[in-house]
Amino acid sequence: METWMSSPKRSSGLWIVRAEPSLHNTRSDPGKPERLTFKLRFYRLLQIRAEALLVAGSHVIILGDLNTAHRPIDHCDAGNLDCFEEDPGRKWMDGLLGNPGCQAGSHVGPFIDSYRCFHPQQERAFTCWSVVSGARYLNYGTRLDYVLGDRTLVIDNFQTSFLLPEVMGSDHCPIGAILNVSCVPAKQCPPLCTRFLPEFAGTQLKILRFLVPLEQGPVLEQSVLQFSDQTQVQKRQNKVRVCTSRPRPSQAGPRRSQKNLTSYFQPSSSRPKTSDLKLPNLPLVGTLVTPKTPEEEAMTKVVEEQAKASDTKDEKEGQSSFWKSVLGGPSPMPLCRGHREPCVMRTVKKPGPNLGRHFYMCARPRGPPSDPSSRCSFFLWSRPS
């Protein structure tokens, strides 16, 4: 993504080239070698574009997430320095960047890391942390976001460069720089400016742009017509077959007359009539049941509701005790050896023989090994269920 600004010192102005991870996704995955190839291609194209703008006489700023920690000071766990410096992304940044100290004699690349220019020895200056391990709580991360500028622009116009790790909302934090420049309106923008891109033109895209008419070839149309003709023929054959299978009136047996609906409601001759039945002399209900007072009826209703609630509670407790006896429930989490605290269960997501397997580890956030409040090295495989 490129943004153009005019500059009073150079006629071609200032170009801001933004490396946006959501658009380019330059993150490399050890399990997917093709991602590293894509990442290096993106780096190469970015460098070609930035150097072409410099040759044309413009100032250039490259900012955003480059997904590479340049120096060991920019990484919480650099490990072996020889292996660290052999990373292809770091080698590319070595050729792109010059001396962070802004010394003219040792300058190599055409661009300068503005943050290291103003803070060359600042440690634990990170911009990205692992969300899963909670590494941001102990500031155990990497510096992947940069504001790079061409050498002349950084020395003459940059006042400072800063990080904002206290701003939450993502696994990255904002970064920025302050320049001593004045904006001058330009007569016209270059043809490759961001404002000319469709997604930044300021007009809402119509849904018809995403719909493409389907072009049917002669072969497809012929097959559709043949299929429809076969369907029509099959329908006619089925209709003829159904018509011929029905018996004719002359071939059918004697027809039975349909019964009238009222015939099902006529009294049967075998059943005795109600008037013929002699009922015994029964006592009146009023002589057996004595009426209750309103107070007695209310008390009876309360007693019945309490008995019903008690029965429901006993039934639920019985069901709960039954399922607890059948299902023992989850086993308690093991305690880590470093802090004697309950662990957390994780799942292996790296391709290999242990993919999908569960294991236990310390639940504390990841941090420096020297910090006693950080995660300990406890590890335990979970037993298969």
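## Close-up views of a predicted model

**View 1. Aspartate 145, a buried acidic side chain without a salt bridge.** Aspartate 145 is buried and yet takes part in no salt bridge, the nearest side chain of opposite charge being that of arginine 143, 8.5 Å away. The model shown here and in the other views is a predicted one. Aspartate 145 belongs to strand β5, and its side chain makes a polar contact with the side chain of threonine 127 at 2.6 Å, together with a polar contact to the side chain of histidine 172 at 2.9 Å. When neighbours within four places in sequence are left aside, the residues in contact with aspartate 145 are Gly64, Asp65, Thr127, His172 and Ile175.

**View 2. The salt bridge between arginine 143 and aspartate 74.** The closest N and O atoms of arginine 143 and aspartate 74 are 3.0 Å apart. Because arginine 143 sits in the loop between α5 and β5 while aspartate 74 sits in the loop between β3 and α3, the pair ties together parts that are 69 residues apart in sequence. Arginine 143 counts as buried, with a relative accessibility of 0%, and aspartate 74 is likewise buried, its relative accessible area being 0%.

**View 3. Salt bridges formed by lysine 91 and arginine 90.** The structure holds 7 salt bridges, and the general idea is that side chains of opposite charge can pair when their charged atoms come close. Lysine 91 pairs with glutamate 86, with 2.9 Å between the closest N and O atoms, and lysine 91 counts as partly exposed at 44% relative accessibility. Arginine 90 forms a salt bridge with aspartate 87, for which the closest N and O atoms are 3.8 Å apart; here arginine 90 counts as buried at 12% relative accessibility, whereas aspartate 87 counts as partly exposed at 25%. Elsewhere, salt bridges that share partners join Asp74, Asp113, Arg116 and Arg143 into one network.

**View 4. The largest nonpolar core, with valine 60 among the residues that have the most contacts inside it.** This core has 17 residues, and those with the most contacts inside it are Leu46, Val60, Ile62, Leu66, Phe111 and Leu148. At least two residues of the core come from each of β2 (14-19), α2 (33-55), β3 (59-65), α4 (88-96) and β5 (145-150), and α2 gives the most, with 5 residues. Leaving aside neighbours within four places in sequence, valine 60 is in contact with Leu14, Trp15, Val17, Ala50, Leu53, Leu54, Phe111, Leu148, Gly149, Asp150 and Leu153.

**View 5. Phenylalanine 158 in a second, separate core.** This second core has 9 residues, including Ile16, Val147, Val154 and Phe158. Phenylalanine 158 is found in strand β6 (residues 158-163) and counts as buried because its relative accessibility is 6%, below the 20% cut-off for a buried residue. Not counting residues up to four places away in sequence, phenylalanine 158 touches Ile61, Ser114, Phe118, Val147, Leu153, Ala177, Ile178 and Leu179. The C-alpha atoms of phenylalanine 158 and phenylalanine 118, which are 40 residues apart along the chain, are separated by 9.5 Å.

**View 6. Aromatic pairs, including tyrosine 43 with tryptophan 92.** The count of aromatic pairs comes to 5. Tyrosine 43 and tryptophan 92 form a stacked pair, with 4.2 Å from centre to centre and 5 degrees between the planes. Since tyrosine 43 lies in helix α2 and tryptophan 92 in helix α4, the pair ties together parts that are 49 residues apart in sequence. Tyrosine 43 counts as buried at 0% relative accessibility, as does tryptophan 92 at 11%. The pair of phenylalanine 379 and tryptophan 381 is edge-to-face, because the ring centres are 5.1 Å apart and the planes stand at 85 degrees. Phenylalanine 379 is partly exposed, with a relative accessible area of 42%, and tryptophan 381 is partly exposed at 29%. Ring pairs also link Phe42, Tyr43 and Trp92 into a cluster.

**View 7. Positive phi values at asparagine 67 and arginine 124.** Asparagine 67, a residue other than glycine, has a positive phi near 55 degrees; asparagine 67 is found in the loop between β3 and α3 (81-85) and counts as buried at 16% relative accessibility. Arginine 124 has a positive phi of about 55 degrees although it is not a glycine; this arginine is found in the loop between α5 (114-118) and β5 and is partly exposed, with a relative accessible area of 38%.

Note on methods: Residues are numbered from 1 along each chain as its sequence is written. This is a predicted model: local features need pLDDT of at least 70, side-chain atom pairs count only at pLDDT 80 or more; totals for chains, interfaces and linings use all residues. Side-chain values use heavy atoms; hydrogens and water are left out. Helices (H or I, at least four residues) and strands (E, at least two) are DSSP runs, numbered from the N terminus. Buried means under 20% relative accessible area, exposed over 50%, partly exposed in between (1.4 Å probe, protein chains only). Contact means heavy atoms within 4.5 Å. A nonpolar core is a set of buried Ala, Val, Leu, Ile, Met, Phe, Trp, Tyr and Cys residues joined through side-chain atoms within 4.5 Å. A salt bridge is a side-chain nitrogen of Lys or Arg within 4 Å of a carboxyl oxygen of Asp or Glu. Lys and Arg count as positive and Asp and Glu as negative; His and the chain ends are not counted. A polar contact is a pair of N or O atoms within 3.5 Å; within protein, one must be able to donate a hydrogen and the other to accept it, and residues adjacent in sequence count only if both atoms are side-chain atoms. Rings of Phe, Tyr and Trp (its six-membered ring) pair if their centres lie within 6.5 Å; planes under 30 degrees apart count as stacked, over 60 as edge-to-face and the rest as tilted.
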